[in-house]
Amino acid sequence: MTNARILIVEDEAITVSALKRELVSLGYEVAGTASTADEALRAVELQKPDLVLMDITLAGGVNGVVAAVAIRGNFPVPVVFLTAHADDRTMDRAVSAGAFGYVLKPYSGAGLKAAIEMALHKHQTEMESRRGPGRVF
Amino acid sequence: MAIADPVSHLAGSFRIVNEELSVKTPGNAITTPSALLDASTKPARISRTVAMALAIGLVGVIAWFDYATGDFSLAVFYLAPVIVATWYAGRASGWFIGLLSAVGWLLADRPDGEPFRPYWNAGTLALSYGIVAHLLSALARVQAELRKRVEQRTASLAEVHHRVKNNLQIISSLLMLQAEKLTNAADKAVFGECRDRIYSMARLHEQLYSSDGFSDLDFAAHLREMAEMLVRSHTPPGCILALEVRAEPVPMDLDTAVTLGLIANELLLNALKHGFEGRRAGKLTVELRAGDPNQMIVRDDGSGLPPEFDARKNSGLGIELVLGMAQQIYGEAKIENDPAGGTRTTIFFPTLPPSKT
C-alpha cells in the first residue's frame with residue numbers, strides 16, 4: 001500500500017530524522033511524530049494515520065506496549081513495533097498488545113518495508129472480515 | 001471519539017501495575033504471557049506452615065519407628081525433618097525441629113539402667129541437628145544471594161544489549177542523514193554499505209544474546225539471513241538473481257563470527273556490485289562447509305576476474321579488508337575465477353583459533 005500515512009513514535013531524535021527519510025524513500029507519507037505515549041494517542045486521534053510505527057522505550061514513563069494497547073483499544077489502526085528489545089519476554093508482550101509487526105533495530109529498509117506492508121495488508125483483511133461478506137449479486 | 005487529555009485517558013483506561021509492561025483494564029485483568037511464564041518457570045515453594053507441619057509429622061513417624069525397632073539406631077533419619085524445616089521455614093524453625101527430634105529420640109529410647117546417658121545422647125543429637133540447621137540455612141542464604149545476583153546481572157546484560165543495539169541504530173541513522181548531503185551516488189553507496197555492516201553486526205549480537213552460550217552461536221542461520229537481506233536490497237535493477245545458501249553448522253566464537261560475517265558482507269556486496277553488471281539474470285551461491293579447515297565460499301556466475309587480477313596487488317578497500325580479516329581469524333582467503341564461470345572466493349579458517357594474548 002503505497003502512500004500509506006505512518007505515525008512515528010520514537011524518542012531518539014536522530015532515529016526519528018532517519019526514519020522520516022527512510023519512510024519517504026520507501027514511498028510512504030509521514031503523518032507525524034511523537035516521543036511519548038500521550039503524544040502518540042493525541043497524534044493518532046488528530047492525524048488518523050494508516051499505521052503507527054512504535055518504539056517500546058519511550059520518553060514520559062509510559063512505554064510503547066501500553067501505548068499500543070491504548071491505541072488499539074480506541075482506534076482501528078495497526079501498530080508495528082520498532083525496537084532494540086529482542087528478548088522473548090518483550091516480544092510476547094508486544095504480541096499480547098495486538099502488534100501487527102515487530103522490527104528489530106537497527107532496521108534494514110527492506111525489512112521495514114516488508115513489516116509495514118504485511119501489517120497494512122493484515123489490517124485491511126481484518127477490517128474487511130469485520131464488515132462481513134459483501135453482496136454476491 | 002475525542003480524547004481531551006490523553007494522559008488522563010491513559011490513566012483512566014489503564015492502570016500500570018508496575019514499571020514494566022503489565023496493564024489492567026477496569027474490571028478486566030489482562031494477564032501477560034510473561035507473567036504466566038514467570039509463574040511456571042519458578043520452582044514451586046511450599047509455605048512455612050506446610051513445611052513445619054510436614055517436619056513435625058516426620059518427627060512423629062520416625063520416633064514411632066525408632067520406638068518400634070528397639071535398639072536399631074534411627075538418629076540419622078531425624079535429619080530429614082530438620083532439613084525440611086530449615087530449608088523452607090528458616091534457621092530458627094530448623095533448630096526447633098532439631099530439638100523436637102532429640103526429644104523424639106529420647107522418648108523412643110529404651111531404658112538400659114543408665115539414668116544419665118540417654119539425656120547426654122539426646123543433647124549431643126540436638127546439638128548436631130542444630131549445627132546442620134545452621135549450616136543449611138547459611139547455604140540457603142548464599143543460594144538466595146546468588147540467585148538475586150544472577151537475576152541482576154541478567155537484567156543488566158539485557159539493558160546493555162538493548163543500549164548497544166540502540167546505539168548501533170543511532171550510528172546507522174547518522175550515516176543515513178550524512179549520506180543525504182552527498183550528491184554523488186557512489187559516495188552515497190559507501191554510506192549504505194557501512195549501514196549494511198552495522199546491521200550485520202547487530203544481528204550477530206542479537207543471536208549471541210538469545211543463545212545460551214558462545215558455542216551455540218548459529219552462524220549458518222546468520223549467514224543465510226544476511227545473504228537474503230543483501231540480495232533483497234542490492235540486486236542490480238533489471239537483474240533476476242537466484243540466491244543459494246548451503247550452510248552447515250560450524251561452531252565458532254563471537255570474534256570469529258563477527259569477522260567472518262563482515263567478510264561475507266564484503267564478498268556479497270562486491271559480487272552484487274560488480275558480478276552482474278549489465279546482466280538480466282544471475283546466480284549467487286554461499287556455502288559454509290565444516291571441516292579442517294572450515295570453508296566459507298561465495299561464488300557468482302558473473303563476468304569473473306580480469307586475467308591480470310592479483311588479490312595481493314589489488315588496491316581496492318574491499319579486497320584489502322577481506323585479506324586482513326581472514327588473517328585475523330587465523331585463516332586465508334583465496335580469490336579466483338570459478339571453472340564454471342564467474343568469481344569464487346574461499347575463506348579457509350580453523351574451528352578453534354589460538355587464544356589471543
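**Entry 1: contacts and make-up of chain A**

I began with the contacts of chain A in this predicted model, and found that, among those between residues at least 6 apart in sequence, 59% join residues at least 24 apart. I then looked up the burial of the chain, where 50% of its 137 residues count as buried. Listing its secondary structure, I noted 5 helices and 5 strands in chain A, and, reading from the N terminus, I wrote the elements down as β-α-β-α-β-α-β-α-β-α.

**Entry 2: the sheet of chain A**

I traced the strands next and found that 5 of them form an open sheet in the order 2-1-3-4-5, with parallel pairing. Strand 2 (29-34) and strand 5 (101-104) of chain A have a single partner strand each and stand at the edges, so one side of each is left without a neighbour in the sheet. I also noted that neighbouring strands of this sheet are turned against each other by 20° on average, direction ignored. Looking at one pair in detail, I saw that strand 1 (residues 5-9) and strand 3 (residues 51-54) of chain A run parallel and are joined by 4 bridges, and that Ile8(A) in this chain stands opposite Leu53(A) of strand 3.

**Entry 3: the nonpolar cores**

Which residues have the most contacts inside the largest nonpolar core? I found that this core has 47 residues and that Ala67(A) and Val80(A) are the ones with the most contacts inside it. Among the elements of chain A that give two or more residues to this core are strand 1, helix 1 (13-25), strand 4 (79-83) and helix 5 (109-131), while helix 3 of chain A gives the most, with 7 residues. A second, separate core has 32 residues, including Leu204(B), Ala257(B), Val286(B) and Met296(B).

**Entry 4: helix 2 of chain A**

I returned to helix 2 of chain A, whose buried residues are Ala37(A), Asp38(A), Glu39(A), Ala40(A), Leu41(A), Ala43(A) and Val44(A). After this helix comes Lys48(A), for which I noted a positive phi near 45°.

I then looked up Glu180(B), which is found in the loop between helix 6 (117-179) and helix 7 (185-210) of chain B. Is Glu180(B) buried or partly exposed? It counts as partly exposed, because it has 13 C-beta neighbours inside 10 Å, whereas 20 or more would be needed for a buried residue. Glu180(B) and Phe191(B) are 11 residues apart in sequence, and I noted 9.7 Å between their C-alpha atoms.

**Entry 5: confidence**

Last, I checked the confidence values. The mean pLDDT of chain B is 81, and 83% of its residues reach 70 or more. Over residues 11-44 of chain B, however, pLDDT stays under 50, and the model has 36 contacts beyond four places in sequence for this stretch. Where pLDDT is low, the predicted coordinates should not be read in detail. For the complex, the predictor gives an ipTM of 0.82 and a pTM of 0.67.

Notes
Residues numbered from 1 in each chain as written. Chains lettered and ligands numbered in written order. Predicted model: local features only at pLDDT ≥ 70, side-chain atom pairs only at ≥ 80, totals over all residues. Buried ≥ 20, exposed ≤ 12 C-beta atoms within 10 Å, placed from the backbone. Contact = placed C-beta atoms within 7 Å. Pairing = 2+ DSSP bridges. Axes fitted to C-alpha atoms, helices over the stretch in contact; angles between N-to-C directions. pLDDT = per-residue confidence, 0-100. Core = buried A, V, L, I, M, F, W, Y, C linked by C-beta atoms within 7 Å.
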